[in-house]
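Subject: Structure for your files, with notes

Hello,

Please find the structure below. My notes follow it.

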Amino acid sequence: MIPDGEGMAGPYVEFGREEWRALRAATPLTLSPEDLEGLRGLNDPIDLAEVEEVYLPLARLIGLFAAAEGRLRDAVGAFLGGPVVPTPFVIGIAGSVAVGKSTVARLVRTLLARGDGRPTVELVTTDGFLYPNATLAERGLMDRKGFPESYDRGALLGFVSALKAGAAELSVPVYDPLAYDIDPGARRVVRRPDILILEGLNVLQTARPGGLAVSDLFDFSIYVDARVNDVRQWYIDRFFALRRTVFTDERSFFHPYAQVDPDEAAAYAERTWRETNEVNLVANILPTRDRATLVLCKDRDHRITRVRLRRI
Ligand SMILES: Nc1ncnc2c1ncn2[C@@H]1O[C@H](COP(=O)(O)OP(=O)(O)O)[C@@H](O)[C@H]1O
Ligand SMILES: CC(C)(COP(=O)(O)O)[C@@H](O)C(=O)NCCC(=O)O
């Protein structure tokens, strides 16, 4: 039975970690410690216990949603008098910069792909749909990278709509985090998968009046949530971890920050957080949280301690 009364949060049912872990049922662990090492984001301390207690119940639930959609498709087929061609099951993953969306997305992809029926799963991040820096600069948006208007939303919606409409093969633009810009010479081919995961800051945004947004095409969505001050600290810590690694590469856009003194690097990271990422989080991203099917709530140490599931 779904817990009710206590733990009730508007349209959501809230689970503590202990309650949630029990919902794994018999879902097997298909991940080794080495697999997890390859999926973990920079500075993300996730361990196998978290995979077992949080992600296995989640993978089970997504499997149940996909199976239910199959039954709905059969019902529509019976109504129409002929089979309905399946479309990809689309999962959106949203949340702040530096909250750990990419770890969540890679784990969900791997667990689903190794689960029942071995579905094909494609993971696409929305950064490929950012306008190139030259366009952002022309439009005065260079310090608004990640805001809804910094994306080619028409192209993103066109991509997901075309996959939902049955396109067999599409290509998407590629963002190069090292260059901090769209790679003009690269395209990534996406062949129609059974499951598409779309990960990005703004994927749960609504459309302008009368329009359509990618979130209208989601079959399941996840918001990765944490306190603003905790994410701020994670952003700064990650900036310093990148400074010791990726930024030492001369091709990195941020290479100058590997050379300046730590105080100057900290001032830059703090300003970027405060003036860009925090403003975007508060004004654009956080307001979409309650649109998600499921909210993963992280504590200061990155651990997921609570899960909120939208009532059906
Ligand atoms: N300046 C950067 N250079 C290289 N990689 C980066 C940089 N900033 C972020 N990343 C990497 O890009 C990925 C996505 O980061 P982000 O958009 O902040 O989302 P999240 O932390 O929620 O996964 C992470 O794996 C992160 O380590
Ligand atoms: C590339 C991003 C906008 C994230 O894009 P996403 O894949 O979530 O659409 C973000 O990581 C970023 O670089 N933000 C700009 C501000 C900053 O340098 O932190």
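In these notes, Ala, Val, Leu, Ile, Met, Phe, Trp, Tyr, Cys and Pro count as nonpolar, Asp, Glu, Lys and Arg as charged, and the others, Gly among them, as polar. On that scheme, the shell around ligand 1 consists of eight nonpolar residues, four polar and one charged. Please bear in mind that the model is predicted.

Ligands

Ligand 1 has 13 residues around it, and those that come nearest are Leu 42, Val 97, Lys 101, Ser 102 and Pro 177. Around ligand 2 the classes are two nonpolar, seven polar and two charged residues. Val 97 is also one of the residues around ligand 2, and others there include Thr 125, Thr 126, Asp 127 and Lys 145. Helix α9 (residues 262-285) supplies the largest share of the ligand 2 shell, with three residues.

Annotated domain

An unreviewed UniProt entry annotates residues 90-238 as "domain: Phosphoribulokinase/uridine kinase". In the model this span is 28% helix and 28% strand, and its end C-alpha atoms are 29 Å apart.

Helix α3

Helix α3 runs over residues 48-80, 33 residues in total. From first C-alpha to last it reaches 46 Å, close to the 48 Å expected at 1.5 Å a residue. Just after α3, Gly 81 has a positive phi of about 80°.

Two alanines with positive phi

Ala 25 has a positive phi of about 55° although it is not a glycine, and Ala 98 has one of about 70°, again without being a glycine. Ala 25 sits in the loop between α1 and α2, whereas Ala 98 sits in the loop between β3 and α4.

Which of these alanines is buried and which is exposed? A residue is buried if 20 or more other C-beta atoms lie within 10 Å of its own, and exposed if 12 or fewer do. Ala 25 is exposed because it has 8 other C-beta atoms within 10 Å. Ala 98 is buried because it has 23.

Regards

Technical notes:
Residues are numbered from 1 along each chain as its sequence is written. Chains are lettered from A and ligands numbered from 1 in the order in which they are written. This is a predicted model: local features need pLDDT of at least 70, side-chain atom pairs count only at pLDDT 80 or more; totals for chains, interfaces and linings use all residues. UniProt positions are given in the numbering used here, feature names are shortened, and annotations may be inferred rather than shown by experiment. Helices (H or I, at least four residues) and strands (E, at least two) are DSSP runs, numbered from the N terminus. A residue is near a molecule or strand if its C-beta atom, placed from the backbone, lies within 6 Å of it. The expected span of a helix is 1.5 Å times one less than its number of residues.
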